[in-house]
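This report walks through selected helices, strands and backbone features of the model shown here. Please keep the sequence and the coordinates in view while reading.

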Amino acid sequence: MWQYIIKPLLFLLNPERAHHLTLGLFKIMCRIPGVSAIIKSIFNPNYKGDPIQLFGLTFHHPVGLAAGLDKDGQYIKELALLGFSHIEIGTVTPGPQDGNPRPRLFRLPKDQALINRMGFNNEGAAAMAQRLKALPKIPKLILGINIGKNKDTPLELAHEDYLSCFETLYPYADYFTINISSPNTPGLRGLQEKEPLIKLLSAIRVANSKKAIPRPVLVKIAPDLDDLQLAEIKNIIIEQCMDGLIMGNTTLDRSNLNTSSAILDQIGPGGLSGLPVFEKSNNRLSALSALPGAIPLVGVGGILDSKSAQEKLSRGASLVQVYTGFIFTGPGIVKKICNAF
């Protein structure tokens, strides 16, 4: 039904409009008595493996939702019905911001990919905190919050933005993800350099250590990093006592796409996600696994089915997250992956 009816209709709409329309209608539908129970029964995965114990949390299976789909935490309860073991919301910034001008989200159907230059559009950390405060605890669901900096914050003050988000949202997160790898906020990837990264992670580590119950903190990096950069970043993350590393974010690479160069030129800049990122992110995942030092890895990029999820796990990931695959494959992706284990 998704592949032959719903997706073709949605793909007639502007991608961002289709995104909001789908989630909005899904939320309304779930308010009808009995519908949530039916959806849960349809999409509940039958995972036969053992729960995954990572950084003090229990993940009931490896498949989660990557940040970006629910930027403001508006649809957590509804998305949880689709069987995710964990949902990562955000990226959220201290203050609200509109993001980049539209259009800023583009489909590449021939490549099962998306290009986005959203620019951390969100309502801000305070609005998210108010929403999460009213959200009942969802059994078995791990909630991650992906945090970033506002566009107009200078890079040398970026740590203050991350600290602000951390403090505001600390009561509601099961874990945090430090996003330093989006290509759509000018200068953000500069935080992957040695000195800014140490400054940022040190500030988060100190703040977290003062909490009665410190939260696990993960760092999300780009698949465009070379071996030397990966080694340096992994060393810093371990030295700063971070709990995990997510590989990876979107890529700036446009090689080997089926979409014509004319269409790509028309779309313009942005981060590429989906199937074309699969091999690149897998290569970087393997490189991270081979480097000295042990730290849990989360695999993201190009997961469309159980085979691609298994490949991430074989490269050293303990968990995987889907986003673009969810758009192209449909809401049954979690069940399809988990039932194949």
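## Basis and burial

A residue is called buried when its relative accessible area is under 20%, exposed when it is over 50%, and partly exposed in between, using a 1.4 Å probe and protein chains only. The model is predicted, and local features need pLDDT of at least 70, side-chain atom pairs count only at pLDDT 80 or more, while totals for chains, interfaces and linings use all residues. Residues are numbered from 1 along each chain as its sequence is written, and side-chain values use heavy atoms, with hydrogens and water left out.

F55 has a phi near 35°, a positive value in a residue other than glycine, and it sits in the loop between β1 (52-54) and β2 (57-59); helices (H or I, at least four residues) and strands (E, at least two) are DSSP runs numbered from the N terminus. F55 counts as buried because its relative accessible area is 18%. F120, likewise not a glycine, has a positive phi of about 55° and belongs to the loop between β6 (113-116) and α5 (125-133), and its relative accessible area of 5% makes F120 buried.

Two peptide bonds are cis: the one from G90 to T91 has omega near 15°, and the one from M247 to G248 has omega near 0°. T91 is part of strand β4 (residues 86-92), whereas G248 lies in the loop between β10 (244-247) and α9 (261-267).

Helix α7 (residues 194-209) has 16 residues and spans 22 Å from its first C-alpha to its last, close to the 22 Å expected at 1.5 Å a residue, the expected span being 1.5 Å times one less than the number of residues. Its buried residues are L197, L200, L201, A203, I204, A207 and N208. They lie on the same side of α7 because they cover an arc of only 150° around the axis, where the arc is that of the directions from the helix axis to the C-beta atoms. The face turned away from this buried side carries the exposed residues E195 and S209, while the cover over the buried residues includes α6 (158-169), β8 (175-179), β9 (217-221) and α8 (227-239).

In helix α1 (residues 2-10), W2, K7 and L10 are buried. They cover an arc of only 50° around the axis, which puts them on the same side of α1, and Y4 and L9 are exposed on the other side.

## Strand β13 and its partners

In strand β13 (residues 319-322), L319 and Q321 point one way and V320 and V322 the other, and all are buried. Strand β3 (residues 63-65) pairs with β13 in the parallel sense over three bridges, pairing requiring that DSSP find at least two bridges between the strands, and V63 has V320 as its bridge partner. Strand β12 (residues 297-300) also pairs with β13 in the parallel sense over three bridges, with Q321 as the bridge partner of V300.

C165 belongs to helix α6 and counts as buried, because its relative accessibility is 0%. Its contacts (heavy atoms within 4.5 Å), leaving aside neighbours within four places in sequence, are V92, T93, P94, A125, I147, G148 and F176. The C-alpha atoms of C165 and G148 are separated by 7.8 Å, although the two residues are 17 residues apart along the chain.
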